[in-house]
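Please find below a note for a colleague who is coming to this structure for the first time.

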Amino acid sequence: MGKLHIRKVIFAGLIAFAATFFVHNLEASAQKNAQKHSGKNIYLQSLDVPDRIARFVFDAGFDFEYPDSVRGIYVTGPSAGGEKMEELTELVDTTDLNAMVIDVKEDHGNISFEPPEDSPYADIAEPYIDDPQKMLKELEKKGIYPIARVVVFKDSLLAEERPDLSFQQNGEVWKNSRNEAFVNPFEKEVWEYNLEIAKMAAEIGFQEIQFDYVRFPEGFENRDEELEYSEGDYADSEENNVKKRVSAVTDFVKYAREDLSDYDVDVSVDIFGYSATIEESPGIGQNFSKISDNVDVISSMIYPSHWGPYFGIDKPDSEPYRIIDEYAQVENQILEDLEDPPVSRPWLQDFEAPWLYSGDTFQYGKAEVEDQIRALQDNGIEEYLIWNASNNYTEGVDYTP
């Protein structure tokens, strides 16, 4: 297998999506098993093209309106392309919810629809969504605002195919304890690879691109000296390793927003909630203020279960209102100090965390979800997203309590 060459990616992307787009050619089965990742070819020949090409302005023909305040849920590719979508659409349509965050590039590195056969991304497709524009037309009819989730630097597919774009140890691609591989934020080739996917999503008709896993692997400060990887253009920087990582992550976000400026989409980034409580996270490279300066929307992941003892709260998972209230006060202060702050739209929890308990697990239901929303509202934060990995959301929740 050969190496990825981003110039070919850009060129092929322009050719493939400039005119009628790929929707009319989608014929691949949505029944493909998500686990069949081995054997995927991500092979592109190199091709010299001009560095700057006038980009086509693609009009997907939709007329979505930004809601009064975005109140959304997370939707996986299989849910969006399967029978579950009817249930989720009804949930949003019959409540005060009004938005969906839909996987376009998911955690393993696949895209959730099938582009044309000649697309450089055809071999990483798991075509759960057989007709993405038809899906968006249904959402448009119901006034449901569509957001495309693009997982960036966690990407086992690309890491295995291009170890030189990843982190290696003893000649092998390094993986974390969950057997996940990451690609290298220092490598601008990785930036371009993901941005072409983001542009596909914009051309389909998504109104916002939400970048997730915009960071180095967790705990990277403890292994940065033992892993083998390139620092790219940052190798000659006089910054220390922590500052270099912050620069790389921040620069990607800034570059992404500028590169998507030809498209009528907002740019948002998911970020660890604790990043707002410290100057910058030493391992993962996230600086809350710097990222916020370069996005339209900042989405802190502030699930109560994901905090240790914090803000004087010993067990945050069991005190959802209190932990969200404490966090919101900190975030508000930081955003107030920015000249042009983004919209705050945190991720909230609608799931249990059994790993935290040796006995009975604290249950999340209607009251716990509403407590989190109320805590945001009490601090003037009106937008939010609800996360449940299996898309099983609590019934009867008042989403504007």
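The points below take up a helix pair, its aromatic contacts, a residue in a loop and one further helix.

1. The model is predicted, and the remarks that follow should be read with that in mind. The pair discussed here is helix α6, residues 188-204, and helix α7, residues 241-259, which pack at an angle of about 35 degrees with their axes 11 Å apart. The crossing of α6 and α7 is right-handed.

2. On the α6 side of this contact are Trp191, Glu192, Leu195 and Lys199, and they meet Ala248, Asp251, Phe252, Tyr255, Ala256 and Asp259 in α7. Of the residues in the contact of α6 with α7, six are nonpolar and four are charged, while none is polar.

3. The whole structure contains 26 aromatic pairs. One of them joins Trp191 and Tyr255, and this pair is classed as tilted because the ring centres are 5.7 Å apart and the planes stand at 45 degrees. Trp191 in helix α6 and Tyr255 in helix α7 are 64 residues apart, so that the pair links distant parts of the chain. Trp191 counts as buried at 3% relative accessibility, whereas Tyr255, with a relative accessible area of 29%, is partly exposed.

4. Phe211 is buried at 1% relative accessibility, and Phe252 is buried with a relative accessible area of 0%.

5. Arg215 is found in the loop between β6 (208-212) and α7, and with a relative accessible area of 4% it counts as buried, the cut-off being under 20%. Which residues is Arg215 in contact with, leaving aside its neighbours within four places in sequence? They are Phe153, Phe182, Pro185, Val249, Phe272, Ile284 and Gln286. The C-alpha atom of Arg215 is also separated by 8.4 Å from that of Arg245, 30 residues apart along the chain.

6. The buried residues of α10, including Val369, Ile373 and Leu376, pack against α9 (320-336), β10 (347-349) and β11 (384-387). α10 is followed by Gly380, whose phi is positive, near 80 degrees.

Note on methods. Residues are numbered from 1 along each chain as its sequence is written. This is a predicted model: local features need pLDDT of at least 70, side-chain atom pairs count only at pLDDT 80 or more; totals for chains, interfaces and linings use all residues. Side-chain values use heavy atoms; hydrogens and water are left out. Axes are lines fitted to C-alpha atoms, for helices over the stretch in contact, and angles run from 0 to 180 degrees between N-to-C directions. Helices (H or I, at least four residues) and strands (E, at least two) are DSSP runs, numbered from the N terminus. A crossing is left-handed if the near helix is turned anticlockwise from the far one by less than a right angle, and right-handed if clockwise. Contact means heavy atoms within 4.5 Å. Ala, Val, Leu, Ile, Met, Phe, Trp, Tyr, Cys and Pro count as nonpolar, Asp, Glu, Lys and Arg as charged, and the others, Gly among them, as polar. Buried means under 20% relative accessible area, exposed over 50%, partly exposed in between (1.4 Å probe, protein chains only). Rings of Phe, Tyr and Trp (its six-membered ring) pair if their centres lie within 6.5 Å; planes under 30 degrees apart count as stacked, over 60 as edge-to-face and the rest as tilted.
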